[in-house]
Amino acid sequence: MQPRNMSMSGVVDLAAVKAAQEAKAKAEQARAEAARQGGAGAVSPADLVIDVDEAGFERDVLQRSAEVPVVIDFWAEWCQPCKQLSPVLERLAVEYDGRFLLAKIDVDANQMLMQQFGVQGIPAVFAVVAGQALPLFQGAAGEAQIRQTLDQLVAVAEQRFGLTGLTVDPDAEPGGRTAAPEAQAGPHDALLEAAVQALDAGDLAGAVRAYQNVLVDDPGNTEAKLGLAQAELLQRVQGMDPQQVRKDAADKPQDAQAQIAAADLDLVGGHVEDAFGRLIDAVQRTAGDERDAVRLRLLELFEVVGPEDPRVAAARRALARALF
């Protein structure tokens, strides 16, 4: 397994959108299969912290990440900061009541995993969500920072991948689960799956229609709103000549449409702050309908990145200052 860094910021490109959609679909399939087998029921609080080795990594981390975010604590017996951090993570795993699973990996006994994750020093904390790996922090961080990171992790896991965590039963026996009823398909699962299939086929227009059909019946559907914003962004940049778009934006700083097109390219390329900053500057330089067009596009890009991203919050404040 080669870990793949996945930013919680919502940075979007063609590969990232497709990967996120595929990961979510696989997560849903895995949860449904686990439910059919009676394996997605309640767990004991003691089961929220597990020791993982190389032999059990796929089963205990990769497969479990389809139903719950898995936080990985790389540690060693000789590491003094680890002895400060690990008890905090273990306590929070129980306190968060199944919203994440803590997997402890002894680096001395599992050198291959340490190398695969690119761990440079310990303690080091990563997460795996729907099969995708991302770094969280390194070193003995303070509890406030840890809580903030975990809050962001569980929010993204739920909003982007539909992972709501494990059901915890204080009376359950450690190592065993209470059988859960078979998972029922949601009313819009077929349309959401159609959107994923359209993305797989490169049919962005089809994905847009599928997401729009969901939102007609369920305007607050988080997955559909995010998917639609992403698919529309990718649809807009298809066929663009990046070099010409950037030249136009540089040559015509007062041209709202030139700045809007360049901001779309910025975001698709992962340059979130550049995209936001470009449009906020354009808001300050334009007026009337052009200014409104820039503002609306900026709000659309906020949807693509996601409201939980701190850069969105910062850009919203900057936009308010630019407008008022």
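To begin with, how many helices and strands are there in the chain? And which residues make the contact between helix 8 and helix 10?

Modeller: This is a predicted model, in which local features need pLDDT of at least 70 and side-chain atom pairs count only at pLDDT 80 or more, while totals for chains, interfaces and linings use all residues. Residues are numbered from 1 along each chain as its sequence is written, and side-chain values use heavy atoms, leaving out hydrogens and water.

The chain holds 13 helices and five strands, taken as DSSP runs (H or I over at least four residues for helices, E over at least two for strands) and numbered from the N terminus. Of its 324 residues, 48% are buried (under 20% relative accessible area with a 1.4 Å probe, protein chains only; exposed is over 50%, and partly exposed lies in between). When contacts (heavy atoms within 4.5 Å) are taken between residues at least 6 apart in sequence, 73% of them join residues at least 24 apart.

Turning to the pair you asked about, helix 8 covers residues 222-237 and helix 10 covers residues 256-268, and the two pack at an angle of about 115° with their axes 10 Å apart (lines fitted to C-alpha atoms over the stretch in contact, the angle running from 0 to 180 degrees between N-to-C directions). In this packing, helix 8 contributes Leu233, Leu234, Arg236 and Val237, and helix 10 answers with Asp264, Leu265, Leu267 and Val268.

One of these contact residues, Leu267, returns in the largest nonpolar core, which has 46 residues and in which Tyr211, Leu267, Phe276 and Leu301 have the most contacts; such a core is a set of buried Ala, Val, Leu, Ile, Met, Phe, Trp, Tyr and Cys residues joined through side-chain atoms within 4.5 Å. Two or more residues of this core come from each of helix 6 (189-200), helix 7 (204-217), helix 8, helix 9 (242-251), helix 10, helix 11 (272-285), helix 12 (288-305) and helix 13 (310-323). The largest share, eight residues, is given by helix 10. Phenylalanine 276, one of the residues with the most contacts inside the core, touches Leu298, Leu301, Phe302, Val305, Arg311, Val312 and Ala315 once residues up to four places away in sequence are set aside. Apart from this core lies another, of 29 residues, among them Val43, Val52, Val68 and Cys79.

Proline 253, by contrast, is found in the loop between helix 9 and helix 10, and its relative accessible area of 35% is why it is called partly exposed. Leaving aside neighbours within four places in sequence, proline 253 is in contact with Gln259 and Arg285, and its C-alpha atom lies 9.2 Å from that of aspartate 281, a residue 28 places away in sequence.

Some backbone details of the loops complete the context. A cis peptide bond, with omega about 0°, joins isoleucine 122 and proline 123, and proline 123 is found in the loop between helix 4 (111-116) and strand 4 (124-129). Aspartate 97, in the loop between helix 3 (80-95) and strand 3 (101-106), has a phi near 55°, a positive value in a residue other than glycine, and it counts as partly exposed because its relative accessibility is 46%. Alanine 130, in the loop between strand 4 and strand 5 (132-138), likewise has a positive phi, near 50°, but alanine 130 counts as buried, because its relative accessibility is 12%.
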